[in-house]
Amino acid sequence: MSERRAIVHPPSETGGRLVRIADRSYGTAHTPYDRTLLVRNAGSDLGERHEGGPE
């Protein structure tokens with residue numbers, strides 16, 4: 001089984017973070033809760049955050 005790692009990009013100018021897996025966008029998270037839901041709904045338990053803190 002291949003590993004599906006979610007990439008949580010740095011905050012945009014509006015504060016949202018793009019969540020992507022394997023070149024596919026799963027949405028924009030505005031809160032840590034949003035981020036968790038997007039990563040799980042995309043079928044991944046692994047997350048990799050780029051820049052910034054957890055908020």
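The chain you see above has one helix and four strands (helices are DSSP runs of H or I with at least four residues, strands are runs of E with at least two, and both are numbered from the N terminus). Read from the N terminus, the elements run β-β-β-α-β.

This is a predicted model, in which local features need pLDDT of at least 70, side-chain atom pairs count only at pLDDT 80 or more, and totals for chains, interfaces and linings use all residues. Residues are numbered from 1 along each chain as its sequence is written, and side-chain values use heavy atoms, with hydrogens and water left out.

**Confidence and surface**

Let us start with pLDDT, the predictor's confidence in each residue, from 0 to 100. Its mean over the chain is 79, and 75% of the residues reach 70 or more. Among the elements, β3 has the highest mean pLDDT, 92, while strand β4 (residues 46-49) has the lowest, 58.

Of the 55 residues of the chain, 22% count as buried. Here buried means under 20% relative accessible area, exposed means over 50%, and partly exposed lies in between, with a 1.4 Å probe and protein chains only. The accessible surface of the chain is about 4,000 Å², and 48% of that belongs to carbon and sulfur atoms (areas come from the Shrake-Rupley method with a 1.4 Å probe; for residues, only the protein chains shown count as cover).

**The helix and the core**

Now look at helix α1 (residues 32-41), where Arg35, Leu38 and Val39 are buried. These three cover an arc of only 95° around the axis, which puts them on the same side of α1; the arc is that of the directions from the helix axis to the C-beta atoms. On the other side of α1, Tyr33, Arg40 and Asn41 are exposed. After α1 comes Gly43, with a positive phi near 90°.

Which residues form the largest nonpolar core? Its eight members are Ala6, Val8, Val19, Ile21, Ala29, Leu38, Val39 and Ala42. At least two residues of this core come from each of β1 (5-8), β2 (17-21) and α1. A nonpolar core is a set of buried Ala, Val, Leu, Ile, Met, Phe, Trp, Tyr and Cys residues joined through side-chain atoms within 4.5 Å.

Leu38 is worth a visit: this buried residue has a relative accessible area of 18%. Leaving out residues up to four places away in sequence, Leu38 touches Val19, Tyr26, Gly27, Thr28 and Ala29, where a contact means heavy atoms within 4.5 Å. The C-alpha atoms of Leu38 and Ala6 are separated by 9.2 Å, although the two residues are 32 residues apart along the chain.

β2 and β3 pair in the antiparallel sense over five bridges; strands pair if DSSP finds at least two bridges between them. Ile21 has Arg24 in β3 as its bridge partner. The hairpin has two residues between the strands. Ala22 is found in the loop between β2 and β3 (24-29), and Asp23 has its place in that loop too. Neither is a glycine, yet phi is positive in Ala22 and in Asp23.

| Residue | Phi | Relative accessible area |
|---|---|---|
| Ala22 | about 50° | 69%, exposed |
| Asp23 | near 65° | 73%, exposed |
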